[in-house]
Amino acid sequence: MHFLDVKDLKKYYKSFEALKGISFYIQKGEIFGLLGTNGAGKTTTIKIIASIIPQSSGEVYIDNNIITKSPIRIKSLIGYVPQEISVIPNLSAYENLRLIGKFYGVSKEKVIQTLKDIDLFDRKDSLVQTFSGGMIRKLEISMALMHEPKLLLLDEPSVGLDPNAKLSIWNFIKSRKQDMATLITTHDMNEAERLCDRIAIMKKGEIIAQGTIEELQTIIGRKDATLEEIFITLTGQTTEEDTQDISSIRNRRNTIKRLS
Ligand SMILES: Nc1ncnc2c1ncn2[C@@H]1O[C@H](COP(=O)(O)OP(=O)(O)OP(=O)(O)O)[C@@H](O)[C@H]1O
Ligand SMILES: [Mg+2]
């Protein structure tokens, strides 16, 4: 058994099959990346693992527990940063952390230490709505880490951020990876290359290939291929010309708007 095991997961939204039976695993200390075209099912997968929406069939095992059977215990093992906003903009950084801290029984001292760790101690009393996108994302990730989860779920952690803010978020994620299993979704090939130990490429509800970058290179038969080239070869699409439906466009614009 791995720390996270996803087995033949299917999801229907009414008659639409958003996930067509996907399987993957993540070990402790590993960062696993879900890449895929818009609407491929990445957010759906993350939300099922986080027990926010139910699957139609298939199983998710976290630390040997089936998620549907022990949701409360399971939730305490998970830290989840959604694609959309998760901080409360008209509260300060301190208040946001303290609120989550109280929910999980985390001490005031830990809240203060967290603010220091993410270089926001000086701005702790500023309203979050005055923060930059990078500061907000770091705050959101640290909120998800407050209760020391064993599984961290990050849905597009650095979308809309400038290169420096991205680098800072990547370093932060990497610095925390050893004691957890981490799942990220991203459209950023550079992000996936820098962060992920293994990668799954999704298209229309299916995982069409997964493995290390070297394994993916072998799959397409080109040892020197970049991840971008692997992605285009396997999906038949560039990262810009994804199939776009109105909900995915709205999601993306909302995410970019709030982070810029
Ligand atoms: N609540 C819902 N009701 C109906 N269809 C939905 C719902 N949520 C998602 N879908 C559909 O399921 C498919 C997968 O959506 P999902 O958000 O998981 O994709 P994604 O890979 O995260 O896309 P993106 O890269 O744009 O974030 C899409 O076709 C989407 O329109
Ligand atoms: Mg998504």
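This is a predicted model: local features need pLDDT of at least 70, side-chain atom pairs count only at pLDDT 80 or more; totals for chains, interfaces and linings use all residues.
View 1. Lys 10 has Ser 57 of E4 as its bridge partner. Strand E1 covers residues 4-13 and strand E4 covers residues 57-62. The two strands run antiparallel and are joined by 5 bridges.

**View 2. The open sheet that contains E1 and E4.** This sheet has 4 strands in the order E2-E1-E4-E5, and their pairing is antiparallel. Strand E2 (16-26) and strand E5 (65-66) form the edges, each of them pairing on one side only.

**View 3. Strand E6 and its pairing with strand E7.** Strand E6 (residues 78-81) is covered on both faces. Ile 78 and Tyr 80 lie on one side, Gly 79 and Val 81 on the other, and all are buried. In a regular strand, side chains alternate between the two faces of the sheet. E6 runs parallel to strand E7 (residues 151-155), and 4 bridges join them. Gly 79 has Leu 152 of E7 as its bridge partner.

**View 4. Packing of helices H8 and H9.** Helix H8 spans residues 213-220 and helix H9 spans residues 227-235. Their axes are 10 Å apart and the packing angle is about 45°, so H8 and H9 are oblique to each other. The crossing of H8 and H9 is left-handed. H8 contributes Ile 213, Leu 216, Gln 217 and Ile 220 to the contact, and H9 contributes Leu 227, Ile 230, Thr 233 and Leu 234. By class, the contact of H8 with H9 has 6 nonpolar and 2 polar residues, with no charged residues.

Definitions and conventions:
Residues are numbered from 1 along each chain as its sequence is written. Chains are lettered from A and ligands numbered from 1 in the order in which they are written. Axes are lines fitted to C-alpha atoms, for helices over the stretch in contact, and angles run from 0 to 180 degrees between N-to-C directions. Angles under 35 degrees count as roughly parallel, over 145 as roughly antiparallel, 65 to 115 as roughly perpendicular and the rest as oblique. A crossing is left-handed if the near helix is turned anticlockwise from the far one by less than a right angle, and right-handed if clockwise. Two residues are in contact if their C-beta atoms, placed from the backbone, lie within 7 Å. Ala, Val, Leu, Ile, Met, Phe, Trp, Tyr, Cys and Pro count as nonpolar, Asp, Glu, Lys and Arg as charged, and the others, Gly among them, as polar. A residue is buried if 20 or more other C-beta atoms lie within 10 Å of its own, exposed if 12 or fewer, and partly exposed in between; C-beta atoms are placed from the backbone. Two strands pair if DSSP finds at least two bridges between them.
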